[in-house]
2 protein chains.
Amino acid sequence: MMTVRQDVHSADIPVLCQSCEARHRGVCGALDPDQLVALSKTSSRHKIEPGIELIGDAEAIDSYSNVLSGVVKLTKGLSDGRQQIVGLQFAPDFLGRPFKVESAINAEAATAVSLCTFPKATIDRMMKESPELEHRLLKQTLNELDDAREWMVTLGRKTASEKVASFLLMIARNIDPTADPTAKSATFDLPLTRADIADFLGLTIETVSRQMTRLRTDGVIRIENNRHVTVDSLGRLERRSGA
Amino acid sequence: MMTVRQDVHSADIPVLCQSCEARHRGVCGALDPDQLVALSKTSSRHKIEPGIELIGDAEAIDSYSNVLSGVVKLTKGLSDGRQQIVGLQFAPDFLGRPFKVESAINAEAATAVSLCTFPKATIDRMMKESPELEHRLLKQTLNELDDAREWMVTLGRKTASEKVASFLLMIARNIDPTADPTAKSATFDLPLTRADIADFLGLTIETVSRQMTRLRTDGVIRIENNRHVTVDSLGRLERRSGA
DNA sequence: CGGGTGGTTGACTAAACTCAAATGATGTGG
DNA sequence: CCACATCATTTGAGTTTAGTCAACCACCCG
């Protein structure tokens, strides 16, 4: 006679987690079924409208989240209102700053976003118990640092037209994680408005718009409804991105 | 009768490590005496001349280092020669990129530098065994990410004069870790040439020079021998840095 | 003393910004 | 379904900031 279940109290992972991308490529992959069950007791999923602020600058942080879908923008502001987007988070990124009481950045939903949110205390405790969780976090943080430094080159040394090309290329590569990275073409919806793109690239809205129309009239991209973009030759776009 | 030593084979830490800053504020603080002894068997100290390349872009990484003194600049280049400094490392920062076979950045001694260098394999093994080591590394990486993002605001949204002021302020705060962070004035040697500063700020040498002379003629800073800078009022400098 | 390196200064240019207006998309109430 | 309001985006004209090119200065070292 066969047993359906090996172990009644640890073999099952929570229903919510079963098909969750964060369990495969995200930090939850570090947790065993028992830990997932414990965590899922205090976690909750949310749908967030675009434009909603998730974390405010200088606000106390009392929760972390996984991004399950959509795009979150991380911004920093100057006192006179100038803004800079310092990072974008896609699924299944972990959102939050461990080891700090208050945030130094703003996080805002750029598109509709769904999150899986946990109490900070629970994750902080699990980090102490599970080196594998810290390990995953270290890996993601190192990747974010690589990305941030890559972007510093774009901000500091590229021309407006190279910046816009770099941005489109970055989005094309991140927006659809299932897409073939060696694909020659891509089509996607921009997760950001022109104002956001300007804040990401350190440019004005007008300059972004002009460079976009230039790419369009040069036949590098096609644009529908302002947001939907098709790139027929990613190689051609890349050649315009500096790199 | 009393014993001088509790445990003959673990109580002693290597002579080299005894007064080493990396053991207090750096990653070596995560290691117990046994691990320090093991590590010190394969580690070595070096004095490096300014301008010497420590890690090349796209080169295989086979060692890590602690910065014991001096300043290391991390740079990324574009194919046509444009360069951007994406980070500066001061004592007792850990230098190296875990979990990657080859480096995506260059590291070069900006000043005379002394390093304590370890084989990559040894540290990689210790990271697996010692969660505390990964923990320290995670903390440093998160701090570097905060710094990088702070700098993205400077690169993307500040004017040339704010950039130079921000740079001087950052150096004043980092160059002498023993200095009182609430001090009102500071004096230091710039660890970078004008060309380096330009590559850090996304400006040209000429613009950096002009902004420096402007700060000098406005009485915000005093300069001797091109490199030695005195700031009488850090508050006054900060007001010119955007923030 | 001559040449090299690093830094400053000046005159001119070009890239991106500002201000302003037109166009296009979206949504609402009549 | 249309007229209208609103918001995002584009386009144009003129201005500003930082870049370019070139000359010059100071210092160091052989």
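By contact, meaning heavy atoms within 4.5 Å, I found 44 residues of chain B meeting 45 residues of chain A.

I note that this is a predicted model, in which local features need pLDDT of at least 70 and side-chain atom pairs count only at pLDDT 80 or more, while totals for chains, interfaces and linings use all residues. Residues are numbered from 1 along each chain as its sequence is written, chains are lettered from A and ligands numbered from 1 in the order in which they are written, and side-chain values use heavy atoms, with hydrogens and water left out.

**Chain A**

I looked up chain A next and found 9 helices and 11 strands; these are DSSP runs, helices being H or I of at least four residues and strands E of at least two, numbered from the N terminus. Its C-alpha trace spans about 70 × 50 × 30 Å along the principal axes. Of the 243 residues in chain A, 51% are buried (under 20% relative accessible area, 1.4 Å probe, protein chains only). Among contacts between residues at least 6 apart in sequence, 72% join residues at least 24 apart.

**DNA strand C**

I counted a residue as near the strand if one of its heavy atoms lies within 4 Å of it. By that rule 16 residues surround DNA strand C, and the closest are A160(A), T207(A), R194(B), S209(B) and T213(B).

I checked individual distances to phosphate oxygens of DNA strand C. A polar backbone atom of A160(A) is 2.7 Å from one, and an N or O atom in the side chain of R194(B) is 2.8 Å from one. For T213(B), a polar side-chain atom lies at 3.4 Å. The elements giving two or more residues to this surface are helix 8 (205–217) of chain A and helix 8 (205–217) of chain B. The helix of chain B gives the largest share, 5 residues.

Note on methods. A polar contact is a pair of N or O atoms within 3.5 Å; within protein, one must be able to donate a hydrogen and the other to accept it, and residues adjacent in sequence count only if both atoms are side-chain atoms. Buried means under 20% relative accessible area, exposed over 50%, partly exposed in between (1.4 Å probe, protein chains only).
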